[in-house]
Amino acid sequence: MKIELLYFKNCPNTDPALELLRDVLRQEGVDAPIHSIAVETLDEAEGHCFPGSPTIRIDGKDVEGEVRQGYGLGCRLYIVDGNTHYWPPREWIEEAVRRKREQ
């Protein structure tokens, strides 16, 4: 399982997202490394299809599913039931990990 955390330098939401991701992986018994990818330029953002920081992908798939926003260097917002979150909710990460484990 390839696990990626994409972020930009000094993003205040990266550490909480990383801690949540680690917690979910422990809970699910997944012993795979987390590949932290710093995105520093607009060219890199486009090359990584980076919709903002933080972004979590499991085997190349965003935990949100289909992402419908452009690429760039900015904070990513997640809208869940009409509420704004600054990193993906635990349930999305759990679902992505479980889906991958079932394949």
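The largest pocket is lined by I58, D59, K61, D62, A96, R99, K100 and Q103. Keep in mind that this is a predicted model. How much space lies in the largest pocket? The figure is about 160 Å³. Rolling a probe the size of a water molecule over the atoms shows where empty space is left.

Now sort the lining. By class, the lining of the largest pocket has two nonpolar, one polar and five charged residues. Which elements give two or more residues to this lining? They are β4, residues 61-62, and α3. Helix α3 supplies the largest share, three residues.

One lining residue deserves a second look. D59 sits in the loop between β3 and β4. Its phi is near 50°. That is a positive value, and D59 is a residue other than glycine.

Is the peptide bond from S53 to P54 cis or trans? The bond is cis, with omega near 0°.

Return to α3, this time with a helix as its partner. Helix α1 covers residues 14-28, and helix α3 covers residues 90-102. The two pack at an angle of about 45°. Their axes are 10 Å apart. Because of that angle, α1 is oblique to α3. The crossing of α1 and α3 is right-handed.

Which residues make the contact? From α1 come L20, L21, D23, V24, L25, Q27 and E28. From α3 come R90, I93, E94, V97, R98 and R101. The contact of α1 with α3 has six nonpolar, one polar and six charged residues.

Notes: Residues are numbered from 1 along each chain as its sequence is written. This is a predicted model: local features need pLDDT of at least 70, side-chain atom pairs count only at pLDDT 80 or more; totals for chains, interfaces and linings use all residues. Side-chain values use heavy atoms; hydrogens and water are left out. Axes are lines fitted to C-alpha atoms, for helices over the stretch in contact, and angles run from 0 to 180 degrees between N-to-C directions. Helices (H or I, at least four residues) and strands (E, at least two) are DSSP runs, numbered from the N terminus. Angles under 35 degrees count as roughly parallel, over 145 as roughly antiparallel, 65 to 115 as roughly perpendicular and the rest as oblique. A crossing is left-handed if the near helix is turned anticlockwise from the far one by less than a right angle, and right-handed if clockwise. Contact means heavy atoms within 4.5 Å. Ala, Val, Leu, Ile, Met, Phe, Trp, Tyr, Cys and Pro count as nonpolar, Asp, Glu, Lys and Arg as charged, and the others, Gly among them, as polar. On a 1 Å grid over the protein atoms alone, a cavity is a set of points where a 1.4 Å probe fits but cannot get out, and a pocket is an open set with protein on both sides within 12 Å along at least five of seven lines; lining residues have an atom within 4 Å of a point. Grid points are joined across faces, edges and corners, and a volume is the space filled by probe spheres set on the points.
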